[in-house]
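Subject: Structure handover

Hello,

Here is the structure I said I would pass on. My notes follow below it.

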Protein chains: 2
Amino acid sequence: MVAPLRVGIAGLGTVGAEVVRLIEEQSRALAERSGRGVRVVAVTARSKAKKRSLDLRGIHWAKSPLDLASDPNVDCFVELMGGSGEPALSAIEAALKAGKSVVTANKALIAKHGVRLAKAAEKHGGAFNYEAAVGAAIPVIKTLREGLAGTGVSRVYGILNGTCNYILTRMEQEGLSFAECLKDAQRLGYAEANPSFDVDGHDTAQKLAILASLAFGTRVAQSAVYVEGISSIAPEDLRAAEELGYRVKLLGVAVRTAKGIEQRVHPTMVPKSSSIAQVMGVTNAVTIDGEGIPPITLVGPGAGGAATASAVVADIADVARGIRAKPFGRPVERLRDTTKAPMERHEGGYYIRLMARDLAGTAATIATRLAEQKISLESIVQRHPEGVDANGAPKKAAPVPVILITYATSEDAVYRALEAVQRDKVISGRPQVIRIEKN
Amino acid sequence: MVAPLRVGIAGLGTVGAEVVRLIEEQSRALAERSGRGVRVVAVTARSKAKKRSLDLRGIHWAKSPLDLASDPNVDCFVELMGGSGEPALSAIEAALKAGKSVVTANKALIAKHGVRLAKAAEKHGGAFNYEAAVGAAIPVIKTLREGLAGTGVSRVYGILNGTCNYILTRMEQEGLSFAECLKDAQRLGYAEANPSFDVDGHDTAQKLAILASLAFGTRVAQSAVYVEGISSIAPEDLRAAEELGYRVKLLGVAVRTAKGIEQRVHPTMVPKSSSIAQVMGVTNAVTIDGEGIPPITLVGPGAGGAATASAVVADIADVARGIRAKPFGRPVERLRDTTKAPMERHEGGYYIRLMARDLAGTAATIATRLAEQKISLESIVQRHPEGVDANGAPKKAAPVPVILITYATSEDAVYRALEAVQRDKVISGRPQVIRIEKN
């Protein structure tokens, strides 16, 4: 039997502690599956003194992440400290340069320095595994990197942020506002005190950049992702979506178009019958459209200590078995640069909600302005406003919501039409626009 | 660069032809991903004369599968002939004994001879990959074998047969009978002329035995699976399920119980909110419950030439990359025997539909008989029969459907209670019983 794989873990928070526990608990299964024992030989964390319910006897405590990464007794360096920069970056780089394998759950670091780290892994022969960085225990990295190795991907999209999906689910099911749901999510620990990273779509963008790289061979780059968050979504949008056969989800979408790879994060209308529309609460999901085959959807927990640790340990097991996948599926030199997609050129269907000042005249104006831009309508719904008179007719001053669903058109055309409608002064306020993604 | 992997393909039906095409089309991507070219060097099929839209110039035509498997110019033998016995068995065994790797999509063969073939692979060092055998392009084999290497599995269950799910979906959505839907499925090519293998659950049982082996380390054995098909399901069961918040699916379920690993295939009530309940038509899905983590569900095409070929080529790419997983995740000598679970000891909730001869008296009798067996009811629904008089009261002779949902109990207790009810002569016909699977 081969000597056991010696693992060093930097970071002993919820995930790190669970990884230590899991490797101990599953030691027999891990040895059977990988043909080699797996042993935690060294750890480090910010505070050695902190009370932990972990038995660390016989495990070396390294002075720093860098020391741990350079320890000749460590074969596999596991980075669970987080953060897009130091000390994680230098430690991982040191480990890779020493020919060690690295396992991390750090999406921010990969989104920022993934290419540089993949290059180091490739040069020195170690593995660089990060299944936990996207969708925790959902095996989406492995599926894109290995499971679809022989199939071209035309689109990959998903619900990659549990906080946003939790908020949208509650807004939809209880008719609450974004602000109310966010407050609840914060109270329940599903959202941070500063929620911007989640609700403005940046977390999703980091994960999407990683998926796009695996699917399309782009250099992972958060800056190439167009990003819009969910704070502008109103309960009436979710109600209208429901009536029209859609649900609203914050999606990350990476898609091959004639103009290149488009990467975007924004609130999206998805058909209620799609697998992705069924995903509720903090659950995550990713759908992969392979060329010529029906979509494959992977659903599961996108966060949480146990789910993240499960993916980390599976990555460690791959290292033990001697698997050395290219970190982004292809040699780094073959990864292509990608730029942010100009959204004005995006083509798709659109949901548009307007507040018409006066129904009859406005409908005619809107129809004309859309026709001028060659936009066809799939449906139009006029809603009775809160303020109606005794006959059910809108009160003089009350604007009437009008909801439009367009067939595929360019974003440019939509905005030109809406600007014209605004210039016509037949609507009040700014129109709400939500992109539609068909399955 | 390493020399290309030389692939030999036995069987050039829909899947085989698509594999040849895909390897050619994706040759650059395959080489980049696996660090090694992949080339089809030899093929064989029943008829060489048959017209195919394949360019086989430069590819050797072997006289027989066995010849192909023994060809020293072939590194990886791909078996796409099907059938649980010869000539596939001898050819695969010959290839493995020569130290070659083998890729197959043949679930029947694995369910019958999987352990024997895995032993040969283990002894001679070749890979034995069969991702396509269960759920085609859904990466469920890889996920169980590698993606959850560090996590104990407590249950794996799924919709593994598209024909059955297509029939149940149409029955539910259109209120049609089993016989009508089967006829349509046959007309559309979703069901065989002899549909028994699909609709009686045997196809699902073969796939389940494979999943159970990967999840629990059992020796794959179709004989260890309890099997019940869908032909007894009536439209009124699907209507009642809908009202009670359930859907009926043909599930394969493998679960760790105190008494051992239970493997069973039968029509199952699943909560409408579960991921598996959303899966419609010919689509397949598998849910994996890992210890301590929320369920992971993989959804996608379970059959079809392109989807199957996609999984076959991914398996070939793994061979090219040098990955040698243990075929069932563990060394063959560690796989444990498993026997068919005695269903009378199965514990779970039950749906029961009875035709009561006379409502008032029957309800009291049923309640008494269930109470005698310590069975608690979650709900009871009394349906008005087709024949009612002017006051809505049942006509004298018309039996009234009564639907019960029990809390978890043993199957034994359910059948004892129902036998007592039958002896009481308060119901007509045999009761319908469907097991409930909670998520």
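Arg187(A) and Asp184(A) sit three residues apart in helix H8 of chain A, so about one helical turn separates them. The two form a salt bridge, with 3.2 Å between the closest N and O atoms. Arg187(A) has a relative accessible area of 61% and is therefore exposed. Please keep in mind that this is a predicted model.

Tyr190(A) counts as partly exposed because its relative accessibility is 38%. Together with Leu188(A) and Val282(A), Tyr190(A) forms a nonpolar patch on the surface, with about 250 Å² of accessible area in total.

Another salt bridge in chain A joins the side chains of Glu236(A) and Arg353(A), at 4.0 Å from N to O. Glu236(A) belongs to helix H11 (residues 235-244) and Arg353(A) to strand S13 (residues 347-356), so this pair ties together parts of chain A that are 117 residues apart in sequence. Glu236(A) is partly exposed at 32% relative accessibility, whereas Arg353(A) is buried at 13%.

Next, the interface between the chains. Chain B touches chain A through 52 residues, and 52 residues of chain A are in contact with chain B. The two chains bury about 3900 Å² between them, and 51% of that is on carbon and sulfur atoms. Of the area that chain B buries against chain A, 18% comes from Glu32(B), Arg33(B) and Gly150(B), more than from any other three residues.

Polar contacts across this interface link 14 residue pairs. Several elements of chain B each supply at least two residues to the side that touches chain A, among them helix H1 (14-25), helix H2 (27-34) and strand S12 (296-301). H12(B) gives the most to that side, with seven residues.

How many salt bridges are there between chain B and chain A? The count is eight, while over all chains it comes to 65. One of those over all chains pairs Lys142(A) with Glu146(B), whose closest N and O atoms are 2.7 Å apart. This pair crosses between chains, from helix H6 of chain A to helix H6 of chain B. Lys142(A) is buried at 7% relative accessibility, and Glu146(B) is buried at 1%. Arg321(B) also forms a salt bridge with Glu146(A), with the closest N and O atoms 3.8 Å apart.

Regards

Conventions
Residues numbered from 1 in each chain as written. Chains lettered and ligands numbered in written order. Predicted model: local features only at pLDDT ≥ 70, side-chain atom pairs only at ≥ 80, totals over all residues. Heavy atoms only, no water. Patch = residues over 30% accessible without salt bridge, like charges linked within 9 Å, V, L, I, M, F, W, Y side chains within 5 Å. Areas by Shrake-Rupley, 256 points an atom, 1.4 Å probe, with all protein chains shown as cover. Buried < 20%, exposed > 50% of the residue type's maximum accessible area, 1.4 Å probe, protein only. Contact = heavy atoms within 4.5 Å. Buried area = accessible area lost by both parts, 1.4 Å probe. Polar contact = N/O pair within 3.5 Å; in protein donor to acceptor, adjacent residues only side chain to side chain. Helix = DSSP H or I, 4+ residues; strand = E, 2+ residues; numbered from the N terminus.
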